[in-house]
Amino acid sequence: MSNQRYVQGLAKLTEIDGEAGEKVISSLANICPDLGKYIIEYPFGDIYQREGLDLKTRELVTVAALTALGHCQPQLNVHVNGALNVGCTPQEIVEVILQMSVYAGFPAALNGMFVAKAVFAERELSVV
């Protein structure tokens, strides 16, 4: 079962995050490869495989959660890119981050918005 979770998880990670997700996993190889394995197997091999939400919704929820945490800019960068990769629009991402200002506060929303702004600039996307 574990091998199937890993194979499915790696495929889902690649579908969502492409090369960025693979870089995160490979960056753990020389310090804690098990953490990379667990990231592939549980979130992407188990949770992302469920039928309850589509990938766009899962990525928007992830952007919201990482924004609300307020201190996960590298992970938020990966998931803003992932949200765009699965069909979310820049406007949808901005609205989700703005919504977090109500529940997580302005500092968290500002941190999130600046991450989104950097991703959009890198991808030459505009919101307004």
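Thr-67 lies in helix α3. Helices here are DSSP runs of H or I of at least four residues, numbered from the N terminus. The model is predicted: local features need pLDDT of at least 70, side-chain atom pairs count only at pLDDT 80 or more, and totals for chains, interfaces and linings use all residues. Residues are numbered from 1 along each chain as its sequence is written, and side-chain values use heavy atoms, with hydrogens and water left out.

**Thr-67 and its surroundings**

Thr-67 counts as buried, at 1% relative accessibility. Buried means under 20% relative accessible area, exposed means over 50%, and partly exposed is in between (1.4 Å probe, protein chains only). Which residues is Thr-67 in contact with, leaving aside its neighbours within four places in sequence? They are Leu-76, Ile-97, Met-100, Ala-108, Ala-109 and Gly-112. Contact means heavy atoms within 4.5 Å.

Two packed helices are described by the angle between their axes and the distance between the axes. Axes are lines fitted to C-alpha atoms, for helices over the stretch in contact, and angles run from 0 to 180 degrees between N-to-C directions.

| Helix pair | Angle | Axis distance |
|---|---|---|
| α3 (residues 55-69) and α4 (residues 73-85) | about 160° | 9 Å |
| α4 and α6 (residues 106-122) | roughly 50° | within 9 Å |

α3 and α4 are therefore roughly antiparallel to each other. α4 is oblique to α6. The cut-offs are under 35 degrees for roughly parallel, over 145 for roughly antiparallel, 65 to 115 for roughly perpendicular, and oblique for the rest.

Handedness comes next. α3 passes α4 in a left-handed crossing. α4 passes α6 in a right-handed crossing. A crossing is left-handed if the near helix is turned anticlockwise from the far one by less than a right angle, and right-handed if clockwise.

On the α3 side, the contact with α4 is made by Glu-59, Thr-62, Val-63, Leu-66 and Thr-67. α4 supplies Gln-75, Leu-76, His-79, Val-80, Gly-82 and Ala-83. These residues divide into five nonpolar, five polar and one charged. Ala, Val, Leu, Ile, Met, Phe, Trp, Tyr, Cys and Pro count as nonpolar, Asp, Glu, Lys and Arg as charged, and the others, Gly among them, as polar.

α4 meets α6 through Gln-73, Leu-76, Asn-77, Val-80, Asn-81 and Leu-84. Their partners in α6 are Asn-111, Gly-112, Val-115, Ala-116, Val-119 and Phe-120. This contact has seven nonpolar, five polar and no charged residues.

**Phe-44**

Phe-44 is found in helix α2 (residues 33-44). Is Phe-44 buried or exposed? Phe-44 counts as buried, at 5% relative accessibility. Not counting residues up to four places away in sequence, Phe-44 touches Gln-8, Gly-9, Lys-12, Leu-13, Ile-16, Asp-17, Ile-39, Gln-49 and His-79.

**Cysteines**

A disulfide is a covalent bond between the sulfur atoms of two cysteines. For Cys-32, the nearest cysteine sulfur is that of Cys-72, 18 Å away. Cys-32 is partly exposed, with a relative accessible area of 34%. Cys-72 is buried, with a relative accessible area of 10%.

**Glu-124**

Glu-124 sits in the segment after α6. Its phi is near 55°, a positive value in a residue other than glycine. Glu-124 is exposed, with a relative accessible area of 73%.

Technical notes. Helix = DSSP H or I, 4+ residues; strand = E, 2+ residues; numbered from the N terminus. Disulfide = S-S within 2.5 Å.
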